[in-house]
Amino acid sequence: MENDNLNKLWDIQVNDISNFNPKDIITKAKKQRNSQYISITVLSLTVVVLIIYAFYYAFNQWNTFNLGLIFMISSITLRIILEFLSLYRKEKQLISMTQKSYLAYLKKYYKTRQIINYIITPVCITVYIFGFYLLLPYFKVYFSNGFYTYIIVSGGISLIVVIVIIVKSTINEQRYLKQLHK
């Protein structure tokens, strides 16, 4: 419904942007929004699992294990908050702007996203890895060697999956930005 109204509004405007029509912009915005929803969902599930684990097994006493969990939870939570803020701001602007001004806004938006993708996200990943590293000595003491190895392997695989999703999202955003500059 919202897209139909935008199409009507943008179709009646003078189209001096030769590379994009309203449907192209809306399609790209939807595709990018869906990838953001996937990222937010995966990150949120990770935070929920960590929080459940933290309240179920940890936090009985303060130690580096809890510090590691807090680093992991806070780094992912920061990334989720940034994704929600970014998503909300973009959708809010979509409704209130003309096609030309929205295209200009998208260019600025994706340039701002580069700060998140190239500065904040690596910091979040580093903090997450450091938090995971703080957990390992406790896992080694409390679990068997086989389960400890499983934790390291599954933790590494999970981290790789999350990084791949983030990198893929970043590549898509870069692609959108390049298309907007054509």
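Helices (H or I, at least four residues) and strands (E, at least two) are DSSP runs, numbered from the N terminus. Keep that in mind as you work through the exercises below.

The model is predicted: local features need pLDDT of at least 70, side-chain atom pairs count only at pLDDT 80 or more, and totals for chains, interfaces and linings use all residues. Residues are numbered from 1 along each chain as its sequence is written, and side-chain values use heavy atoms, with hydrogens and water left out.

**Exercise 1. Follow the salt bridges that involve Arg-79, Glu-83, Arg-113 and Glu-173.**

Solution. 

Step 1: Recall the idea. Side chains of opposite charge can pair when their charged atoms come close. The rule used here asks for a side-chain nitrogen of Lys or Arg within 4 Å of a carboxyl oxygen of Asp or Glu. By this rule the count comes to 3 salt bridges.

Step 2: Start at Arg-79. Its partner is Glu-83, with the closest N and O atoms 3.1 Å apart. Both residues sit in helix α3, 4 residues apart, which is about one turn of the helix.

Step 3: Move on from Glu-83. This side chain also meets Arg-113 in a salt bridge, at 2.9 Å from N to O. Here distant parts of the chain are linked, since Arg-113 belongs to helix α4 (residues 99-142) and Glu-83 to helix α3, 30 residues apart.

Step 4: Finish at Glu-173. Glu-173 forms a salt bridge with Arg-113, and the closest N and O atoms are 2.7 Å apart. This pair too links distant parts of the chain: Glu-173 is in helix α5 (residues 145-180) and Arg-113 in helix α4, 60 residues apart.

Step 5: Arg-79, Glu-83, Arg-113 and Glu-173 are linked in a network of salt bridges.

**Exercise 2. Decide whether Glu-83, Arg-113 and Glu-173 are buried or exposed.**

Solution. 

Step 1: Write down the cut-offs. Buried means under 20% relative accessible area, exposed over 50%, and partly exposed in between (1.4 Å probe, protein chains only).

Step 2: Compare each residue with them. Glu-83 has a relative accessible area of 1%, so this residue is buried. Arg-113 is buried as well, because its relative accessible area is 1%. Glu-173 has 2% relative accessibility and therefore counts as buried.

**Exercise 3. Describe the aromatic pair of Tyr-53 and Phe-65.**

Solution. 

Step 1: Set the rule. Rings of Phe, Tyr and Trp (its six-membered ring) pair if their centres lie within 6.5 Å; planes under 30 degrees apart count as stacked, over 60 as edge-to-face and the rest as tilted. The structure holds 10 aromatic pairs.

Step 2: Apply the rule. Tyr-53 and Phe-65 are 6.1 Å apart, centre to centre, with 55° between the planes, and the pair is tilted. Tyr-53 lies in helix α2 and Phe-65 in helix α3, 12 residues apart.

Step 3: Check the surroundings. Tyr-53 is partly exposed, because its relative accessible area is 24%. Phe-65 has 9% relative accessibility, so this residue counts as buried.

**Exercise 4. Locate Trp-62 in the chain and find the patch it belongs to.**

Solution. 

Step 1: Find the place. Trp-62 lies in the loop between α2 (22-57) and α3 (64-96).

Step 2: Check accessibility. Trp-62 counts as exposed because its relative accessibility is 60%.

Step 3: Name the patch. Together with Ile-51, Phe-55, Phe-59 and Ile-70, Trp-62 forms a nonpolar patch on the surface, with about 530 Å² of accessible area together. Patches are made of residues with over 30% relative accessible area and no salt bridge, where like charges are joined within 9 Å and nonpolar side chains (Val, Leu, Ile, Met, Phe, Trp, Tyr) within 5 Å. Accessible areas come from the Shrake-Rupley method with a 1.4 Å probe; for residues, only the protein chains shown count as cover.
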